[in-house]
Amino acid sequence: MCRWLAYQGKPCFLEEMLLRPNHSLVTQSMEATKAVTSVNADGFGAAWYGEKNSPALYREVLPAWSDANLRSIAEHTKSHRFMAHVRASTGTNTSRENCHPFNVENWLFMHNGQIPEFETVRYSLERQLEERYYLERTGTTDSELIFLLLLQYGLARDPQSALKRVFSDIEDEMLSRGLKEPFKAFLCFSNGLQFWGLRYATFGPPPTMFIKQVDSGVVLASEPYEMEREGWQAVPSQSLVELVGESVEITQFTLEERAA
């Protein structure tokens, strides 16, 4: 499973979250402790907001620990809102287009989890995309497809409704194909003004999510970037997290019951 981190608050250098801590995201790319897959070597990405509405984006296919450009960028870039992701592929090829975060206009999106047997449902789900969103698709991952469907179905207007619409469509398609493994989604997205995070699974435990309020702001992450883990709060399963400034709101996220 992939590992990711998101921060918003007072401007700080990216290295303060990505490199310096004793269990930093780059360290987790080599030895994650809260994931099925401990090594995340199938590329990485980082994105940050600055003075423009659209974010800066850096993605690479090398393992995060071996890229000197990432270290230089993290040491010299300061931002009030950024996210980063180290990837462990669930089947799609390793390419820049398949590395997270994904970006459309002012929006950023990253994901940990998977649609089981994605190739079985990929065609029918991709057919839902209107032309303007289909043309935004540059990679082959289920994560990017989920992002584009969310944008199409009103992410900018009502994130929770968009999530419920897209997740229901995914699970309905899985059901029609007789797929019995759970759909899992631990995701984060931003419009440049705030963050949302979601921890969800059809059944069983979803990928882990932790949150911590630090002196400068709020961090949302797959796992704590400190071995001591003091102050880190585990987010419950089936939860939607909304970060506005330093305010944190956690609400239950469930889909409508299906008729038998």
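Contact here means heavy atoms within 4.5 Å, and helices are DSSP runs of H or I with at least four residues, strands being E runs of at least two, both numbered from the N terminus. The model is predicted, so local features need pLDDT of at least 70 and side-chain atom pairs count only at pLDDT 80 or more, while totals for chains, interfaces and linings use all residues. Residues are numbered from 1 along each chain as its sequence is written, and side-chain values use heavy atoms, leaving out hydrogens and water.

Let's start with two helices. I146, L149 and L150 of α6 meet A162, L163, V166, F167 and I170 of α7. The residues of this contact are 8 nonpolar, no polar and no charged (nonpolar being Ala, Val, Leu, Ile, Met, Phe, Trp, Tyr, Cys and Pro; charged Asp, Glu, Lys and Arg; polar the others, Gly among them).

Now look at the wider setting. The largest nonpolar core has 35 residues, of which I115, I146, L163, F167 and F183 touch the most other members. Such a core is a set of buried Ala, Val, Leu, Ile, Met, Phe, Trp, Tyr and Cys residues joined through side-chain atoms within 4.5 Å, with buried meaning under 20% relative accessible area (1.4 Å probe, protein chains only). Helix α6 gives this core its largest share, 7 residues.

Leaving aside residues up to four places away in sequence, I115 touches V121, L125, D142, I146, I170, M174 and F183. Apart from this core lies another, of 25 residues, including L5, A46, F82 and V86. In soluble globular proteins, nonpolar side chains tend to be buried together.

Note on methods: Buried means under 20% relative accessible area, exposed over 50%, partly exposed in between (1.4 Å probe, protein chains only).
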